Structures are given as C-alpha cells and as structure tokens.
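Hi,

Here is the structure I said I would pass on.

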Amino acid sequence: MGKFVVKTTNTGVKFDLKATNGQVIATSEIYTTDAACKNGIESVMKNAPVAAVEDQTVEGYATEKHPKFEIYKDKAEEFRFRLKATNGQIIATSEGYTTHANCVNGVESVKKNAVDAEIVTE
C-alpha cells in the first residue's frame, strides 16, 4: 500500500505519493494551507484510478477527456507524466524517466497506490 507524505516547506505545504517500496512516484504543487493540500490528495485518490492516459510522445495521439494522465517529454528529453483533475488542473507530477516503459509503469503505480494510500505528515 502506498502513502501520501505531507511536508511543510519554506513556501507552503506539499505531498509526495510513495509506492510500497518507498519510491516517490508523484509530487504535488506547493499549497498555501494544509486544507488545500488535503484536498489535492483527495483529488488524486479520486481521479488517478479512473484517469485515461494521453501519450503525447506518440505522433497523432488521441486527446483524452479529464481526468487524465499526460505522458510527455521534457526539455532534457526525459519522459514525465502529470495527472490532471476533471477541471483540467494539474494535481500531481512525476520525476523524469529515461524510458517510456518506466514512465508508463509510474502511471500504473500511481493508479494502484493512490486509491487506499494512508496519509502521513512529516
């Protein structure tokens, strides 16, 4: 079972979703309040399991409806994903992956781990 780890930073509050093995598989933006961060977590829990996958690295990809995971390449040519809620807002992002397959595995891990992840504050 995964877990959401809530952390206070210099500029606000954020969460990391960690897989069972302790690896960070998704990160949030910086929120101004604990309540906003908690809402972000609830949004990931609700949207991740049902989100379609839009692979923007494929030519002529099909545009999916929200909620969705968008797989894309960053400036460093690494694969990344972002999870967008039903309103189109980005609610979680990934690290950079060197291979497309690892990025897809990251998406699957978020779908699986977000559902019943416990919430812990550090």
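**What I found**

Of the 122 residues in the protein chain, 43% count as buried. Keep in mind that this is a predicted model.

Starting with the overall fold: the chain has 2 helices and 8 strands, and from the N terminus the order is β-β-β-α-β-β-β-β-α-β. Its radius of gyration is 14 Å, close to the 14 Å that the globule rule gives for 122 residues, so the chain is as compact as a globular protein of that length. Along the principal axes, the C-alpha atoms fill a box of roughly 40 × 30 × 30 Å. Among contacts with a separation of 6 or more, 40% are between residues 24 or more positions apart. The accessible surface is about 6700 Å², and carbon and sulfur atoms contribute 48% of that.

Phe69 sits in strand β5 (residues 68-73) and Phe81 in strand β6 (residues 79-84), so the pair ties together parts that are 12 residues apart in sequence. Phe69 is buried, at a relative accessible area of 0%, and Phe81 is buried too, at 1%.

Phe81 also pairs with Tyr97: their ring centres are 6.4 Å apart and the planes are at 20 degrees, so this pair is stacked. It links distant parts of the chain, as Phe81 is in strand β6 while Tyr97 is in the loop between β7 (90-93) and α2 (100-113), 16 residues away. Like Phe81, Tyr97 is buried.

Elsewhere, ring pairs join Phe4, Phe15 and Tyr31 into a cluster. There is also a charge over a ring: Arg82 lies over the face of Tyr72, 3.9 Å from the ring centre.

Last, helix α2. Which residues of α2 are buried? They are Cys103, Gly106, Val107, Ser109, Val110, Lys111 and Asn113. So you will find a lysine, Lys111, on that buried list. The cover over these buried residues includes β2 (13-18), β3 (24-27), β4 (52-55), β5 and β6.

Cheers

Conventions. Residues numbered from 1 in each chain as written. Predicted model: local features only at pLDDT ≥ 70, side-chain atom pairs only at ≥ 80, totals over all residues. Heavy atoms only, no water. Helix = DSSP H or I, 4+ residues; strand = E, 2+ residues; numbered from the N terminus. Buried < 20%, exposed > 50% of the residue type's maximum accessible area, 1.4 Å probe, protein only. Phe/Tyr/Trp six-rings, centres within 6.5 Å; stacked < 30°, edge-to-face > 60°. Lys NZ or Arg CZ within 6 Å of the ring centre and 35° of its normal. Contact = heavy atoms within 4.5 Å. Rg over C-alpha atoms; globule rule 2.2 N^0.38 Å. Areas by Shrake-Rupley, 256 points an atom, 1.4 Å probe, with all protein chains shown as cover.
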